[in-house]
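Please read it beside the sequence and the coordinates.

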Amino acid sequence: MTRSEPRVNEIDEKDIEVSKGPKDWAAGIPGVYNSMKPAIEHMGLKRTLQTVLKMNHKDGFDCPSCAWPDPGKRKTFEFCENGAKAVTWEAAPVVISSDFWAENSITDLRERSEYWLGMQGRLVEPVYKPAGEDHYRPVSWDEAFEIVGNKLKSLDAPDDAAFYTSGRTSNEAAFLYQLFVRGFGTNNLPDCSNMCHESSGWAMGQTIGIGKATVTFDDYADADLIIVMGQNPGTNHPRMLTELEACKETGGQIVAVNPLPEAGLKRYKNPQKVKGVAGKGTEIADQFLQVRLGGDMALLQAVSKRVFEAEAKNPGTVLDHAFLEEHCEGLDELRDYLMKLDDATVVEATGLRIEEIDELAARYLAADKVIITWAMGITQQKKGVATIKEIINLLLLRGNIGKRGAGASPIRGHSNVQGDRTMGIWEQMPETFMDALGKEFGFEPPREHGVDVVESIRRMRDGQVKVLVALGGNLVSATSDTQVAEKAFQNTDMTVQISIKLNRSHLITGKEALILPCKGRTEIDRQATGEQFVSVEDTVCAVHPSWGSVEPVSDNLLSEPAIISRLARATIDGKINADWEGFEKNYDLIRKHIANVVEGCEDYNQKIRREGGFVMANGPRDSRTFNTPTGKAVLTVNDLEYLERPEGTLILQSLRSHDQWNTTIYGHNDRYRGIKKGRHVVFINPEDITELGLEDGQNVDIHGVYDDGVQRVLRAFRVVSYPTARGCAAAYYPEANVLVPLDEVAEGSNTPRSKQIIVRFEKSTHTAPTSHDHVATVQTRDAEPDGFPTNGTATPVKKAEAANA
């Protein structure tokens, strides 16, 4: 089926519907209905059964949305609502016709919403925008590769290009991509990790020697206590709720720490159980700590202090002394620091009552096996790295790393973002990897560290990165400081997007631009040597194969490994000892090289063919060994700092709606938060609404509060009275990205601070926007003639220096 006319109409948010308060349970029959209804509507019954019933099964494909692991024993319906929506979005047999490009200029398409763009159908032919033109035009694959190859070879230096990677990329494609980029001569490999879990990698790498979870899938059901921080499983990784339910059924307890109440952490109706369909389901959180944005670090320090106090009252009975003595360092320094922590400071930082903190500490002290799990609510803070170090501190004190039912569990939000990093997608890969890569392919890889996402935007802005190649994703919408990012993209000579469907990054282009369409994970991948599979790594280090299950929507599509191989042949053929043509024909050849280069992937072709794949080695989890300079886990001292909220302002966080995945918008409803037919809303505590002189339901302009000379504004957002933490607010991502200055990042990881945005509100003179009003709702006043802001910022912070002196 092909279409060139619009498949959907834009949403007029004048018709937005807001119910009173959030839902108090997740999933159940509505979850099933909202999974299957769009799938059958857009794919038909046969294609729906060929996809959703193969998703996450041992002979099927890995879910293209989150990285939640699969159980050893799979259920028939081993998918969730968001997974089904992701498959429908990818596998629906609707394609963009050649006429579309002539009928729609890039300027006109920029006025469309992400939702409208994605609903036009699959990209099925390469298209090229020459310099000075406002339309893409179809080109042959050979012509497309020649254009890109010639452009890259014409650059003055390899560092004049940057190569972005999305977390949907398979291990095989990721390995080829980093090989191509390093063979070209640069380590400029920004990726989606830079914007989400980079803080986790830095904190865990410095403290326990590995930036990955120290738990297995089965540990969740065995835990005595699971502390869920800064995440919303019911929307972002719904299958996690089944394991939280399993923990409760075996006598474990759950504590939720979050500025907003989330339905999935209140009650879960498991649609595969009678009580989830006909009954009330399972109460999930035994305690809900509604922490103030940025207060997580103070909360963790306060609990650790209480652990030390309990040990002082009953020496030798609270701390895991044997573990600490044999495996850890820094205990005395941490104790000395935390014992000076003042409770009044903690209350101010967290917005919690002392009784609530005492209750959490009591639960922790009573539990023998504890998992602490977190997501971007923690990582996207200024002190995200330090906060995660405090998570590690708390776990180490009672030996909660390296034993069954316990450990640290960052939840990756993208299906193979962890595997991409394992395969070398990082601008700072260690020397051991680079040595092995150079030896395997007979060249000297570049050793100077490359640029991450934020630095790539800066360099594009400044004219230092002239070509951007993106393997998947929607970088211009995903990154911070929207207007700066868009102008940076437009300042390049060429942008190249390897993509499945149309998004805004295809419309904010360099002088020249190409779109190279690729097969999706759901589609059968036939090459010269037969049907191929790829592999992925989930959030608990399990690596497994993924086989496409349906026919591609077009015979003209190439796979990601094929596209990368042909790009390499057009750019660096003969420069390194790589059989690019062979890689495209047979993915086993790629895996053979992975086995020789990537630590832990020895005998890769054999291990990946085992039933269920294999699990990567993990020192802290498997043997309580730590790859740190001293060989011991490090308890760290982290100076407490938190945001002060100036009078008349709130601290805003960005978040996803239930009807989206990252920047992909499936619809305009967020049923768990009571929003229908709209996204331009801001959630504010009713007491804050009164204090600020606002009214529930009115339209406001949201202004970022920074002194860098740039006015960052979201226009005509509807105020929604909502039980958020006092002093805090929330708005949807990616719309709220415009409010995050490029230079406001987490210390150490350079991750955008999307969870700590100081904002003020003004009554809006604008009417409610339609869903395509991207520019109308995002406006800036440039500080300099060239359109780029200065770097000065003024984020009010308060350090607990007096309390900790």
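Predicted model: local features only at pLDDT ≥ 70, side-chain atom pairs only at ≥ 80, totals over all residues.

1. Residues are numbered from 1 along each chain as its sequence is written, and side-chain values use heavy atoms, with hydrogens and water left out.

2. The largest pocket holds about 1,200 Å³ of space, and of the 36 residues that line this pocket, Gly209, Ile210, Gly211, Pro430 and Asn627 are the closest to its centre. Pockets come from a 1 Å grid over the protein atoms alone, where a 1.4 Å probe fits, as an open set of points with protein on both sides within 12 Å along at least five of seven lines, and lining residues have an atom within 4 Å of a point. Grid points are joined across faces, edges and corners, and the volume is the space filled by probe spheres set on the points.

3. At least two lining residues of the largest pocket come from each of helix 8 (198-207), helix 20 (417-422), helix 21 (431-441) and helix 29 (619-623), and helix 8 gives the most, with five residues. Helices (H or I, at least four residues) and strands (E, at least two) are DSSP runs numbered from the N terminus. By class, the lining of the largest pocket has 15 nonpolar, 16 polar and five charged residues, where Ala, Val, Leu, Ile, Met, Phe, Trp, Tyr, Cys and Pro count as nonpolar, Asp, Glu, Lys and Arg as charged, and the others, Gly among them, as polar.

4. The second largest pocket holds about 870 Å³, and of its 35 lining residues the closest to the centre are Asn34, Asp659, Tyr666, Gly667 and Asn669. Two or more lining residues come from each of strand 2 (17-18), helix 1 (28-52), helix 2 (81-91) and strand 29 (675-676), with helix 1 giving the most, six residues. The lining of the second largest pocket divides into twelve nonpolar, ten polar and 13 charged residues.

5. The structure holds 57 salt bridges, a salt bridge being a side-chain nitrogen of Lys or Arg within 4 Å of a carboxyl oxygen of Asp or Glu. Glu10 pairs in this way with Arg112, their closest N and O atoms being 3.9 Å apart. The pair links distant parts of the chain, 102 residues apart, with Glu10 in the loop between strand 1 (2-3) and strand 2, and Arg112 in the loop between helix 4 (106-109) and helix 5 (114-118). Glu10 counts as buried at 17% relative accessibility, whereas Arg112 is partly exposed at 29%; buried means under 20% relative accessible area, exposed over 50%, and partly exposed in between (1.4 Å probe, protein chains only).

6. Arg504 and Glu486 form a salt bridge at 2.9 Å, N to O. Because Arg504 lies in the loop between strand 17 (494-499) and strand 18 (512-517) and Glu486 in helix 24 (residues 482-490), the pair ties together parts that are 18 residues apart in sequence. Both Arg504 and Glu486 are buried.

7. In helix 16 (residues 343-350), Thr345, Val346, Ala349 and Thr350 are buried. Seen down the axis, the buried residues fall within an arc of 115 degrees, so they line one face of helix 16; the arc is that of the directions from the helix axis to the C-beta atoms. They pack against helix 13 (296-313), helix 17 (354-366) and strand 25 (641-643), contact meaning heavy atoms within 4.5 Å. Just after helix 16, Gly351 takes a positive phi of about 75 degrees.

8. Tyr177 is in helix 7 (residues 171-184) and is buried, with a relative accessible area of 0%. Leaving aside neighbours within four places in sequence, Tyr177 is in contact with residues including Phe163, Leu189, Ile425, Val469 and Ile564.

9. Arg621 is found in helix 29 and counts as buried at 12% relative accessibility. Leaving aside neighbours within four places in sequence, its contacts include Thr214, Gly402, Val540, Cys541 and Met616.
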